[in-house]
Amino acid sequence: MVLRERQGGVLLLTLNRPEKLNALTAELLESLYQSLKEANQDPSVRAVLLTGAGKAFSAGQDLNEFGEEKPDYEGHLRRYNRVVEALSGLEKPLVVAVNGPAAGAGMSLALWGDLRLAAVGASFTTAFVRIGLVPDSGMSFLLPRLVGLSKAQELLFLSPRLSAEEALALGLVHKVVPAESLLEEALALAQTLAQGPTRAYVLTRKLLLETYRLSLTEALSLEAILQGEAGRTQDHEEGVRAFREKRPPRFQGR
Ligand code: T3D
């Protein structure tokens with residue numbers, strides 16, 4: 001369901017239902033969740049790269065999964081929420097390579113990347129209201145933070161289909177690259193992060209996500225706590241030592 005492949009310190013995860021535009025089912029979500037858990041448990045994994053097989057990144061929930069039956073939405077959403085908690089709390093930096101359409105919860109998953117690349121020809125659509133649903137998988141949390149409330153209103157109420165270039169202009173992705181070099185560029189980026197100070201990346205993500213809901217005083221206090229944690233890593237010691245010795249640091253991810 002999710003293909004797992006090691007490329008040095010990078011774990012490449014590929015959503016693999018290409019014939020269904022990588023539409024999300026309970027099975028695919030479970031496989032993604034287990035893959036993320038494994039990434040956390042393996043200290044030799046220093047970065048994760050998530051992409052989709054075939055021509056889509058992910059069309060979101062597989063709208064045929066439940067046939068004519070209505071799912072138990074609250075139970076069903078717990079499967080999504082578990083994955084979103086795993087992505088937002090991933091103990092490694094996450095690069096997402098959006099290779100094609102990213103719709104609904106598929107777009108939500110893509111946005112959880114710390115760094116996001118898209119191929120020319122990829123597209124983004126929130127999709128939820130088109131089928132009479134509200135945003136999920138953290139999109140109501142993340143989208144206004146990424147693009148501002150006003151743009152999030154437009155993207156959620158009208159659900160336009162954004163090109164990769166439009167997504168770049170809005171800050172939904174960090175770079176657009178030719179389709180044929182997407183994986184290579186995303187892998188190179190992930191390899192760079194895999195040689196970096198893993199804890200500092202993860203704690204930086206935590207700060208960026210947490211401080212939105214905190215007062216300045218609380219944000220300063222959290223910065224101090226997490227700086228304490230980062231400051232106790234060997235990577236911090238190595239970073240300072242390398243600076244003084246005028247050489248590139250050799251971070252070990254601890
Ligand atoms: O349980 C719950 O519902 C709660 C959870 C919700 C989370 C969500 O993700 S809700 C949002 C679900 N996703 C969508 O509504 C997206 C629907 N799809 C699209 O908007 C477009 O298909 C895409 C933008 C993804 C791709 O467009 P395009 O033009 O490249 O392809 P297409 O021609 O629209 O679709 C190709 C085929 O894939 C087509 O099937 P066919 O006609 O060739 O047999 C289409 O029906 C199928 N398909 C596309 N998306 C889905 C899908 N089949 C099942 N589920 C899908 N999500």
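How many bridges pair E1 and E2, and in which sense, parallel or antiparallel? The notes below start there.

1. **Ground rules.** We're looking at a predicted model, where local features need pLDDT of at least 70, side-chain atom pairs count only at pLDDT 80 or more, and totals for chains, interfaces and linings use all residues. Numbering starts from 1 along each chain as its sequence is written. Helices (H or I, at least four residues) and strands (E, at least two) are DSSP runs, numbered from the N terminus.

2. **The opening hairpin.** To answer the question: six bridges pair E1 with E2, and the sense is antiparallel. Two strands pair if DSSP finds at least two bridges between them. The two strands make a hairpin with two residues between them, and Gly8 in the turn has a positive phi of about 60°. If you want a spot to look at, Arg6 has Leu11 as its bridge partner in E2.

3. **The sheet.** Six strands make up an open sheet with mixed pairing, in the order E1-E2-E3-E4-E6-E9. Its edge strands, pairing on one side only, are E1 (2–7) and E9 (175–177). On average, neighbouring strands are turned by 20° against each other, direction ignored. Strand E3 (residues 47–52) runs parallel to strand E4 (residues 94–98), with four bridges joining them. Val48 is bridged to Leu94 of E4.

4. **Helices on the sheet.** Helix H1 (residues 26–41) lies across E1, E2 (10–15) and E3, at about 25° to E1. Helix H7 (residues 182–194) lies across E1, E2, E3, E4, E6 (115–119) and E9, at about 160° to E3. Axes here are lines fitted to C-alpha atoms, for helices over the stretch in contact, and angles run from 0 to 180 degrees between N-to-C directions.

5. **H1 with H2.** H1 packs on helix H2 (residues 73–88) at about 25°, axes 9 Å apart, and the two are therefore roughly parallel. (Under 35 degrees counts as roughly parallel, over 145 as roughly antiparallel, 65 to 115 as roughly perpendicular and the rest as oblique.) Contact means C-beta atoms, placed from the backbone, within 7 Å. On the H1 side, the contact residues include Leu29, Leu32 and Leu36; on the H2 side, Val83 and Leu87 are among them. By class, the contact has nine nonpolar, no polar and three charged residues. Ala, Val, Leu, Ile, Met, Phe, Trp, Tyr, Cys and Pro count as nonpolar, Asp, Glu, Lys and Arg as charged, and the others, Gly among them, as polar.

6. **H4 with H5.** Helix H4 (residues 139–147) meets helix H5 (residues 149–158) at about 125°, with axes 7 Å apart. That makes H4 oblique to H5. Leu143, Pro144 and Val147 of H4 touch Leu149, Lys151, Ala152 and Leu155 of H5, giving six nonpolar, no polar and one charged residues.

7. **H8 with H9.** Helix H8 (residues 198–210) and helix H9 (residues 216–231) pack at about 170°, axes 10 Å apart, and are therefore roughly antiparallel. Among the contact residues are Arg199, Lys206 and Glu210 of H8, and Glu223 and Glu229 of H9.

8. **The ligand.** Ala59, Gly60, Gln61, Gly104 and Ala105 are the closest of the 21 residues that surround the ligand. A residue is near a molecule if its C-beta atom, placed from the backbone, lies within 6 Å of it. The shell divides into 12 nonpolar, six polar and three charged residues.

Key:
Contact = placed C-beta atoms within 7 Å.
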